[in-house]
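I opened my notebook to jot down a few things I wanted to look up here. Come along and check each entry as we go.

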Amino acid sequence: MTELPASLVELAGRYGVATRFEDWTGRQVTVAESTLTAVLAALGVAADTEDDRAAALAGHEREYWQRPLPPIVLARSGAVSSFWVHVTHGEPVEVSLRLEDGTERTGLRQLENNRDPYEVDGRRIGEASFEVPDDLPLGYHRVLMHSGATHADTPLVVSPSTLALPARLGARRSWGLATQLYSVRSRNSWGIGDLTDLADLAVWSAARHQAGFILVNPLHAAAPAPPMEPSPYLPTSRRYVNPVYLRVEAIPEFAYVRGRNRIRKARAGVQDKADRAELIDRDTVWRAKRAALAKVYEVPWSAGRQLAYEAYCTREGASLDAFATWCALAERHGNDWHQWPEEFRRPDSAAVAQFARDHAATVDFHRWLQFALDEQLTVAQATALQAGMDLGIMTDLAVGVDPNGADAWALQDVLALGVTAGAPPDEFNQLGQDWSQPPWRPDELVAQAYEPFRALVNAVLRHAGGVRIDHIIGLFRLWWIPRGAPPTEGTYVRYDHEAMIGIVALEAHRAGAVVVGEDLGTVEPWVRDYLGERGVFGTSILWFELDRDSNGGQERSESGNDNGQSPPGPLPAERWRECCLSSVTTHDLPPTAGYLAGEHVRLREELGLLTRPAAEELADDRAQQAAWRAELRRVGLLDEDAGVEETVLALHRYLGRTPSKLLALSLVDAVGDVRTQNQPGTSDEYPNWQIPLSGPDGRPVLLEDVFTDSRAARLAEAMAQQVNPPL
């Protein structure tokens, strides 16, 4: 094993870069020196030579001591915390707090700090520590300090110690539909599900079957120029929304458009193509919908509508301007800003400002699209709550963004563009995963007091009663892969989870929302404990809930054997987690009917994704399914000769035997679909995120068909009975 230079180990530690880690087999791995220098370079730190590292360490130390205050101070409600202050050694210092409501707090208690002074350019700098009292209100406050001629201030974030459940939900359990909105079109939508369809689906599930929420795929924005990226988990922006989800006719100005019949004919044409197509064609939909939206945009506004639009633009500020400008540039120069003319590759360049002035109408059109989306999301959430939902819409926050997209362009100083995020090798992906997404730079997040992250979380919760955070472990650490290297040559980079989870908890508290973390896979136990302590729900998928203790905790080997022991069986319902969103399946697996038919094995074999013979995979799968059927029979939910539909129903009823507070029914299960929406490990090999909602026979199912489908009604009613059992 090659020994790493001590200076490199120390420097990596300063920036949260792991030099060693434990792999999926339990083996300690030392990270390659080339990986460490590449990752540090992505953080703006030169580390190739001993002199580089010495200079970087000295600069890191110097930067710390030259700061009068930390970039951000963190505290939890009901708990005492502290912060440091740097002043010229021996000089007195005054410290106070300015609370969010304008109130001033003085008289902070000074704590003992015996750290030796540090000299910078002949000036001796001393460090003092002060207490943050435990009775501060939740919110974003500021710390103020005065010492001689030095005046400084910094943000103070006080977050909930534990995120309480929204009052609307209280102590009750709740169930909801999980849906991929783009796949669920109605007779009045434009060949793809839209926000009016979302509201209608919420009303059906709530009014008819007492659903408390509707979990929807990420609605994040895609690039406006073709080809439109089909994956909702690879957006151009996470802060803004994809206008393909707009219902054109629901925009108030549509009533005053001249030639409305032509727009209706355009919609009918798109619907006709969708009726005949096997897959969802976003480009055709967006081409027709954009033309119609351009006509609506031209309608003069009333004075009140103009005021509403101006208020929206003021609230969104420079971020909306940058996003709209990027969209206008993308329509002219393509969706990859790295390929644009050099003068347009920085959002703050004079050329970009001139472009925005020269194309003011196009830029404003893209601002207006987001305003229309904001209004329709407001209506959808209000409609869901009025129909009786506890939470309403539960949105989904993707783990990252397209490296060539709007957020990567606008936030390039706070994203690490020289690396990509992914996952290290594990039992099921032994080559690792590269998600091709630039991760947040933890140092820049701190330097900017987490403002970009706060704005993102605020945006996704603006119209939601809950949020599912994809790969929530990424708020603790992420696997960084140097550009051009395979995933096996990456390393972990740490984030300040206290800050990031604290901001999520505070924003969710203010929104009255639940936070669900997707914590599937290998997760250190302390992370789940921490998330539970902070009131963040976990995620349980039935097929993955196995009783690891039943065979001595042995993990299944690649061959399917466990050193002579049987593979783990189902985890009994009573031992599932309480603060959890539990479901039978997920979008990365086939619908339950397809899973029972072995579709997940068949498809992976067809695509060459198996790491062992298909016969072994099928044998293990049959054994697992047999174990679950036995468990269902043990608890009295399944007869010996039950068919597929009865088994699907029993699996969902089993969720009700768990203590989980939130239960989800996938809409594809409700209608008997069999095809998976996404096959991990593929790109063009499988039509990911392009499968329309279909029935067991493969024929598309419209939203109106869902409302009259006896299978959907039976499953939805079964879910309602799990959370509201009859007296």
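**Entry 1: helix α4.** I asked which residues of α4 are buried. I found Leu-195, Asp-197, Leu-198, Ala-199, Leu-201, Ala-202, Trp-204, Ser-205, Ala-206 and His-209. Buried here means under 20% relative accessible area, exposed means over 50%, and partly exposed lies in between, with a 1.4 Å probe and protein chains only. A helix is a DSSP run of H or I with at least four residues, a strand is a run of E with at least two, and both are numbered from the N terminus.

I noted that this is a predicted model, where local features need pLDDT of at least 70, side-chain atom pairs count only at pLDDT 80 or more, and totals for chains, interfaces and linings use all residues. Residues are numbered from 1 along each chain as its sequence is written, and side-chain values use heavy atoms, leaving out hydrogens and water.

Next I looked at the span of α4.

At the start, a side-chain oxygen of Asp-194 reaches to within 3.1 Å of the backbone nitrogen of Thr-196. Just after α4, Gln-210 takes a positive phi of about 55°.

**Entry 2: His-652.** I found His-652 in helix α18, residues 644–655. His-652 counts as buried because its relative accessibility is 1%. Its side chain reaches the backbone oxygen of Val-648 at 2.9 Å. Leaving aside residues up to four places away in sequence, His-652 touches (heavy atoms within 4.5 Å) several others, including Val-584, Asp-669 and Gln-722.

**Entry 3: Ala-513.** I placed Ala-513 in the loop between α13 (497–511) and β22 (514–517). Is Ala-513 buried or exposed? At 1% relative accessibility, Ala-513 counts as buried. Its C-alpha is separated by 6.0 Å from that of Pro-166, 347 residues apart along the chain. Pro-166 is also among the residues Ala-513 touches, as are Leu-163 and Leu-461.

**Entry 4: cysteines.** How many disulfides does the structure hold? I counted zero, taking a disulfide as a pair of cysteine sulfur atoms within 2.5 Å. For Cys-579, the nearest cysteine sulfur is that of Cys-580, 8.6 Å away. Cys-579 counts as partly exposed because its relative accessibility is 40%, while Cys-580, at 0%, counts as buried.

Notes. A polar contact is a pair of N or O atoms within 3.5 Å; within protein, one must be able to donate a hydrogen and the other to accept it, and residues adjacent in sequence count only if both atoms are side-chain atoms.
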